[in-house]
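Dear colleague,

Please find below the structure that I am handing over to you. My notes on it come after the coordinates.

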Amino acid sequence: MRIRFDQELDAMHNDLISMAAMVETAISQGVQALKYRDAKLAQQTIAGDTEIDRKERSIESCCLKLLLQQHPVARDLREISTALKMITDMERIGDLAEDIAEVTLFLCDRPAYAAPIQISHMAEATIKMVRDAIDSFIMKDLAKAHSVIEYDDVVDRLFVETRNVLIENIHQSTGDAEQAMDIMMIAKYFERIGDHAVNISEWVEFSITGTHKNTRLL
């Protein structure tokens, strides 16, 4: 019975990795679409969110099956509960990537506007955070989970830098003020993606230690 449980747990892990890869792709496509004003790529990002939602439902079903049929012990229960929390955050990250693509579609019909380089850096940083958060869960690596939480300061700093550049552009009448505000919104979406990666890492900490933030749970 334990062998079968471990096999199903491994399958769930593989699905999590697959979902994380979809989310990473969505973020990457979103920023590439923005950089090159590529409406087709933005539309692909929006369409891809359906697959992310489908993967979330598949993993959720697997987790519930493990909970109901296999009677997991406390540590297993924490791991499965963590997976359920993680897929919720990953699904929301997918939604944010879709939001970025939708704003990009609007920008594609406007005159060219050079987004601050920090936007690309934010994309790279948030992809790293999502990837490392998932890796910390798969490898049960508490140090990596903590590093993700700390790395959120990088994303927050990049957001502030982006905001300052855009505000300065608006004050100097450099470019389209409305587009500047749209870019600001995209930067905020990236900041929120970082926050969701932090949420994932905090649940990884719970799965390993039984502690979430300052509250003792299972």
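This is a predicted model: local features need pLDDT of at least 70, side-chain atom pairs count only at pLDDT 80 or more; totals for chains, interfaces and linings use all residues.

Residues are numbered from 1 along each chain as its sequence is written, and side-chain values use heavy atoms, with hydrogens and water left out.

Overall architecture

The protein has six helices and two strands. Here helices (H or I, at least four residues) and strands (E, at least two) are DSSP runs, numbered from the N terminus. Read from the N terminus, the order of the elements is α-α-α-α-α-α-β-β. The C-alpha trace spans about 65 × 35 × 20 Å along its principal axes. The radius of gyration of the protein is 19 Å, which agrees with the value near 17 Å that a compact globule of 218 residues would have. That radius is taken over C-alpha atoms, and the globule rule is 2.2 Å times the number of residues to the power 0.38.

Of the 218 residues, 47% are buried. The term buried means under 20% relative accessible area, exposed means over 50%, and partly exposed lies in between (1.4 Å probe, protein chains only). Among the contacts with a separation of 6 or more, 84% join residues 24 or more positions apart; a contact means heavy atoms within 4.5 Å.

Helix contacts

For the angles and distances that follow, axes are lines fitted to C-alpha atoms, for helices over the stretch in contact, and angles run from 0 to 180 degrees between N-to-C directions. Angles under 35 degrees count as roughly parallel, over 145 as roughly antiparallel, 65 to 115 as roughly perpendicular and the rest as oblique.

Helix 1 (residues 2-36) and helix 3 (residues 74-108) cross at roughly 20°, and their axes come within 9 Å. The two helices are therefore roughly parallel to each other. The contact of helix 1 with helix 3 comprises 20 nonpolar, three polar and four charged residues. In these classes, Ala, Val, Leu, Ile, Met, Phe, Trp, Tyr, Cys and Pro count as nonpolar, Asp, Glu, Lys and Arg as charged, and the others, Gly among them, as polar. Helix 1 passes helix 3 in a left-handed crossing; a crossing is left-handed if the near helix is turned anticlockwise from the far one by less than a right angle, and right-handed if clockwise.

Helix 1 also meets helix 6 (residues 177-209), where the axes come within 13 Å and cross at roughly 165°. That angle makes helix 1 roughly antiparallel to helix 6. This crossing, too, is left-handed. From helix 1, I27, V31 and L34 take part, and they meet I183, I186, F190 and I193 of helix 6. By class, the contact of helix 1 with helix 6 has seven nonpolar, no polar and no charged residues.

Helix 5 (142-171) packs against helix 6 at an angle of about 170°, with the axes 9 Å apart. Helix 5 is therefore roughly antiparallel to helix 6. The contact of helix 5 with helix 6 contains 20 nonpolar, five polar and eight charged residues.

Individual residues

T104 belongs to helix 3 and is buried, with a relative accessible area of 0%. Not counting residues up to four places away in sequence, T104 touches G30, A33, L34, A42 and I186.

E24 lies in helix 1 and counts as buried at 16% relative accessibility. Leaving aside residues up to four places away in sequence, E24 touches I127 and R131. I3 is also found in helix 1, but it counts as exposed at 63% relative accessibility. The C-alpha atoms of I3 and M86 are separated by 24 Å, and these residues are 83 apart along the chain.

The backbone deserves a remark as well. Most residues other than glycine have a negative phi. R37, which is not a glycine, has a positive phi of about 50°. R37 sits in the loop between helix 1 and helix 2 (39-69) and is partly exposed, with a relative accessible area of 22%. K140 is likewise not a glycine and has a positive phi of about 55°. K140 is found in the loop between helix 4 (118-138) and helix 5, and at a relative accessible area of 37% it is partly exposed.

With kind regards
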